[in-house]
Amino acid sequence: MSADANPGPSGVPAMPTAALDGLRELYAELSRELAALAPRCELSGRCCDFKKSGMTLFATDLELAALDASTPLRAGGDPELCPWWEGGLCTAREGRPLGCRVYFCDATKSAALDLLSQRYHDRLKRLHEATGATYHYSPFVRRVRELASP
Ligand code: SF4
């Protein structure tokens, strides 16, 4: 296992460089599969309105380390909402976690998206195992707030 790690600002666990590189590749492959599947996005912003949907988004600390590298973690105002959800739009698209990337409200693609989500989450777990990154999978908004306010 690689002992190399990104420096990691305070609060964000340091992660092996190989894990961060692997995550970038995983996201890139997912992006290509999503382009082929072409689920519809109406830019309604409903998917990020956790208060209305009642959904809880989960992510791993490795994903939060990658997000932090592109958009530093911040606590935000409302403890139930994602701090990057502004004006109904995502302002952290480059670093957003897997759960955000595979969620679309296109009902015609929901079965395929569920399978894609499961397959990539399995890959994400294996990436942690292969690189020695600690697997900590927890509610996204709560964990971002914890790590942004150590
Ligand atoms: S990171 Fe972006 S897509 Fe994910 S919940 Fe926040 S605003 Fe929505």
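Q: As what does Lys 109 count, given its C-beta neighbours inside 10 Å?
A: The model is predicted, so local features need pLDDT of at least 70 and side-chain atom pairs count only at pLDDT 80 or more, whereas totals for chains, interfaces and linings use all residues. Numbering runs from 1 along each chain as its sequence is written. A residue is buried with 20 or more other C-beta atoms (placed from the backbone) within 10 Å of its own, exposed with 12 or fewer, and partly exposed in between. Lys 109 has 16 such neighbours and therefore counts as partly exposed.

Q: Which residues is Lys 109 in contact with, leaving aside its neighbours within four places in sequence?
A: Lys 109 belongs to the loop between α4 and α5 (110-131), where helices (H or I, at least four residues) and strands (E, at least two) are DSSP runs numbered from the N terminus. Contact requires that the C-beta atoms of two residues, placed from the backbone, lie within 7 Å. With neighbours up to four places away in sequence set aside, the contacts of Lys 109 are Leu 37, Pro 39 and Phe 104.

Q: What is the C-alpha to C-alpha distance between Lys 109 and Ala 38?
A: Ala 38 is situated in the loop between α1 and α2 and, with 10 C-beta neighbours inside 10 Å, counts as exposed. Along the sequence, Lys 109 and Ala 38 are 71 residues apart. In space, their C-alpha atoms are separated by 8.6 Å.

Q: What value is phi of Ala 38 near?
A: Most residues other than glycine have a negative phi. Ala 38 is a residue other than glycine with a positive value. Its phi is near 55 degrees.

Q: At what angle do helix α1 and α3 pack?
A: Two packed helices are described by the angle between their axes and the distance between the axes. Axes here are lines fitted to C-alpha atoms, for helices over the stretch in contact, and angles run from 0 to 180 degrees between N-to-C directions. The axes of α1 (residues 17-37) and α3 are 10 Å apart, and the packing angle is about 80 degrees. Because 65 to 115 degrees counts as roughly perpendicular, α1 stands to α3 as roughly perpendicular.

Q: How do the residues of the contact of α1 with α3 divide, and which of nonpolar, polar and charged has how many?
A: From α1 the contact draws on Ala 19, Leu 20 and Leu 23, and from α3 on Leu 62, Glu 63, Ala 65 and Ala 66. Nonpolar covers Ala, Val, Leu, Ile, Met, Phe, Trp, Tyr, Cys and Pro, charged covers Asp, Glu, Lys and Arg, and the others, Gly among them, are polar. On that basis the contact has six nonpolar, no polar and one charged.

Q: Which residues does Ala 66 touch, not counting those up to four places away in sequence?
A: Ala 66 lies in helix α3, where eight of the ten residues are buried. Ala 66 is buried, with 25 other C-beta atoms within 10 Å. Apart from residues up to four places away in sequence, Ala 66 touches Leu 20, Leu 23 and Gly 95.

Q: Which elements are included in what covers the buried residues of α3?
A: The buried residues of this helix are Asp 61, Leu 62, Glu 63, Leu 64, Ala 65, Ala 66, Leu 67 and Asp 68. Their cover includes α1, β1, α4, α5 and α6.

Q: What arc do the buried residues of α6 cover around the axis?
A: In helix α6 (residues 140-148), the buried residues are Phe 140, Val 141, Val 144 and Leu 147. They lie on the same side of α6 because the arc, taken from the directions from the helix axis to the C-beta atoms, is only 135 degrees.

Q: Which residues are around the ligand?
A: A residue is near a molecule if its C-beta atom, placed from the backbone, lies within 6 Å of it. The shell comprises eight nonpolar, no polar and one charged. Its members are Cys 48, Leu 57, Cys 82, Trp 84, Trp 85, Cys 90, Ala 92, Arg 96 and Cys 100.

Notes
Parallel < 35°, antiparallel > 145°, perpendicular 65-115°, else oblique.
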